[in-house]
Amino acid sequence: MPRAVTLIRSASLSDVAEYAYAATAPAESRLVFLAGACPLNEDGSTAAIGDFAGQAAKAVENMRTALTDSGASLRDVISTRVLVASHRREDLVTAWEVVRDAFGDHDVPSTLLGVTVLGYDGQLVEIEAVAAVLDS
């Protein structure tokens, strides 16, 4: 199945970043805008309290479900924004590594942000995403 997303790498920018610097999708693609994927269990409780990696994994799992319900997958994601409720760089990196590993070689343009607080009790991680799909 052809994919809409093309990742763009720049030889003029650092290769230290663990993501593509840009991505494109053709005009005929259908864009899917996901609400922030939160680390919530089915009963609405926050998963993995106090665990940045555990919450990132649950948020990725919930993002996969939202993508599937939209007719998309992680391979269709064109960009992400990872929000981490911490001022400590190591906490941001812990969450980022889970997200990065979930995407594998489909390393979409991403922004990693430390924020003061997120919406649910005990929530440490949230992942926003946009996907592009070519419907047949």
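Me: Where is the place of S29, and why is S29 called buried in this predicted model?
Reply: S29 sits in the loop between β2 (22-24) and β3, and its relative accessible area is 14%. Buried means under 20%, so S29, with its 14%, is called buried.

Me: What makes the side chain of S29 and the backbone oxygen of P26 a close enough pair to count as a polar contact by distance?
Reply: A polar atom of the S29 side chain lies 2.7 Å from the backbone oxygen of P26, and because the distance cut-off is within 3.5 Å, the pair meets that part of the criterion. Leaving aside neighbours within four places in sequence, S29 is also in contact with A4, A132, V133 and L134.

Me: How do you know that the side chains of R3 and D76 make a polar contact?
Reply: The two side chains are joined by a polar contact at 2.8 Å, a value that falls within the 3.5 Å cut-off. D76 is one of the residues in contact with R3 beyond four places in sequence, and the others are S73, R75 and L134. For R3 and L134, the C-alpha atoms are 6.5 Å apart in space, although 131 residues separate the two in sequence.

Conventions:
Residues are numbered from 1 along each chain as its sequence is written. This is a predicted model: local features need pLDDT of at least 70, side-chain atom pairs count only at pLDDT 80 or more; totals for chains, interfaces and linings use all residues. Side-chain values use heavy atoms; hydrogens and water are left out. Helices (H or I, at least four residues) and strands (E, at least two) are DSSP runs, numbered from the N terminus. Buried means under 20% relative accessible area, exposed over 50%, partly exposed in between (1.4 Å probe, protein chains only). A polar contact is a pair of N or O atoms within 3.5 Å; within protein, one must be able to donate a hydrogen and the other to accept it, and residues adjacent in sequence count only if both atoms are side-chain atoms. Contact means heavy atoms within 4.5 Å.
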